[in-house]
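I opened the notebook to look at how two chains meet. These are my entries in the order I made them.

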Amino acid sequence: MFNKILVAIDYSPGSKQVFDQALSLAKADQGNLILLHVLSIEEDDPAITPYLRQRKDHCIHVDSRIMRRANEVYDQEWFAWKQQGIRILRHFTEQAIAGGISTEFSQITGHPGSTICEFAHSCHANVIVIGRSGHSGLKEMFLGSVSNYVIHYAPCSILLVHTPVLKSTSPQSIEKQIYA
Amino acid sequence: MIDKILVAADYQANKLIFDSAISLAKATKADLMLLHVLGEDEPSFPIMLNYADHPVLSDYDYELYKKRYEDYKHRGIKFLQARAKEARLAGVNTEFIQLTGNPGREICQLASNWSADLILVGSRGLKGLKEIFLGSVSNYVTHNAPCSVLIVRNDSDSVSYSLDSFDQEEAQNVPESPQHGLMSNEPFFGS
C-alpha cells in the first residue's frame, strides 16, 4: 500500500518519534524509506548558530579582508550545520537498514514545505511522514507551519506524527533524545 | 507502537482508506474502530422542509423528515457493518460506532476517549475559498487531534464507494430493504 515512504526529518527531539512511526509503517508494508532533511535558515532550528541567522546571506563589507574572513566563518558554520543534519540522517539510515528496510537519505536547501512536496512528487512517494509540533493559534501564524503547508499541497497521503513541543530544550538534550 | 486505529468513514470515503486501514491493522496487529458521524455536511443528510413565511411544520413534512433521517442513519449503519465485515474477514479485530455532531470534533473526542494511536481520515481535497466556506474536516482533525493522523489522499484512479453502487450491493445482499416507498416516486418538494 505504502511502498515509498518519505520521512521529513529535522533537528528537533520529535524527529525520533517521526522516524519510529515511519519505520513501523515501512515494516508493516515492506516499504522503502527515503529520509529528507531540508536546510533552511528561516526554520526554528536550534542547530542554527546566531551567526548564520544574522547573516542570512554572505557578509558584505568595504574591507575585503574582513569580508573574506567573515565569509569563511559563514561557510564553516554552514558546513557544520549541514554535517549535523547528515549525521542525524546517517544515524537513522543505519538504524533502518539494521531493521531490514532499504533506505536512502537526502539533504536539500530550500523552503521546507515546498521542498518536501516537490521532492515527494519527483520521487513518487506514496506517503509523507512528518511531525506536528502542535503550535496553534498566533504562534502557528507567525512561525508558520511546515506540516500545515505539506497537508495542503502534498501530492500523496500524509502521516502526521504528534510530537508535542517540549519546553527548554538545550542542544545537548535534543541530541540525547534524537540518538536515544 | 500502533495498537488502536480510528477510521473516520463516510459515504464519500475512498476505498483506499479502508484498504490501507485494514492492511495497516493487519501488519501492526492493531484494533480498528470505524466511525461514521451523522453530520449536516454530508450530502445525503436529509433536509427539513420548512417555509420562511410559514413557520409551522406540517405533520406530513415532519414524518417525511423523520423517515428520511431514519433511512439515512440506517444506511450509515449498513455501510459500517459491511466495512467491518470486510475487516473481520481479513482477520482484524473491528468495532464500529455512529455518532451525531460536528465531524471534526467528534473524531477528536472519540480518539481521546478511546485512546487511539492513529486516526485515518480522507481528504476531500477542497482548496482555497471552497475550503474556507465548506470547512475541512481533515484540517480540523490535524490541528486538534490528540494523536498521529494519517491523511489518505485520493488518487485519481482509485475507486470510491458511491451511494448508488452501495445500494446495488445492498440490494444483492439484503432482501428486505427498509420501507421508504412513500417518497421514492414523489418529487421532493411536492407536498
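What follows is my record of the contact between the two chains.

Entry one. I noted at the start that this is a predicted model.

Entry two. I looked up which residues make the contact. Chain B gives 25 residues and chain A gives 22 residues. I then looked up the area. The two chains bury about 2,000 Å² between them. Carbon and sulfur atoms carry 57% of that. On the chain B side, I picked out B:Met1, B:His143 and B:Arg153. These three supply 26% of the area that chain B buries against chain A, more than any other three residues.

Entry three. I checked for charge pairing and polar pairing. I found zero salt bridges between chain B and chain A. Polar contact gave seven residue pairs across the interface, with both residues at pLDDT 80 or more.

I asked which elements give two or more residues to the side of chain B that touches chain A. They are α1 (15–28), α5 (137–144) and β5 (148–152) of chain B. The largest share comes from α1(B), with seven residues. By type, that side of chain B divides into 13 nonpolar, eight polar and four charged residues.

I turned to the strands. Strand β5 of chain A, residues 157–162, is joined to β5(B) by three bridges. The two strands run antiparallel. I looked for a facing pair and wrote down A:Leu159, which stands opposite B:Leu150 in β5(B). β5(B) is also one of the elements I listed for the side of chain B that touches chain A.

Methods: Residues are numbered from 1 along each chain as its sequence is written. Chains are lettered from A and ligands numbered from 1 in the order in which they are written. This is a predicted model: local features need pLDDT of at least 70, side-chain atom pairs count only at pLDDT 80 or more; totals for chains, interfaces and linings use all residues. Side-chain values use heavy atoms; hydrogens and water are left out. Contact means heavy atoms within 4.5 Å. Buried area is the accessible area (1.4 Å probe) that two parts lose on being put together, summed over both. A salt bridge is a side-chain nitrogen of Lys or Arg within 4 Å of a carboxyl oxygen of Asp or Glu. A polar contact is a pair of N or O atoms within 3.5 Å; within protein, one must be able to donate a hydrogen and the other to accept it, and residues adjacent in sequence count only if both atoms are side-chain atoms. Helices (H or I, at least four residues) and strands (E, at least two) are DSSP runs, numbered from the N terminus. Ala, Val, Leu, Ile, Met, Phe, Trp, Tyr, Cys and Pro count as nonpolar, Asp, Glu, Lys and Arg as charged, and the others, Gly among them, as polar. Two strands pair if DSSP finds at least two bridges between them.
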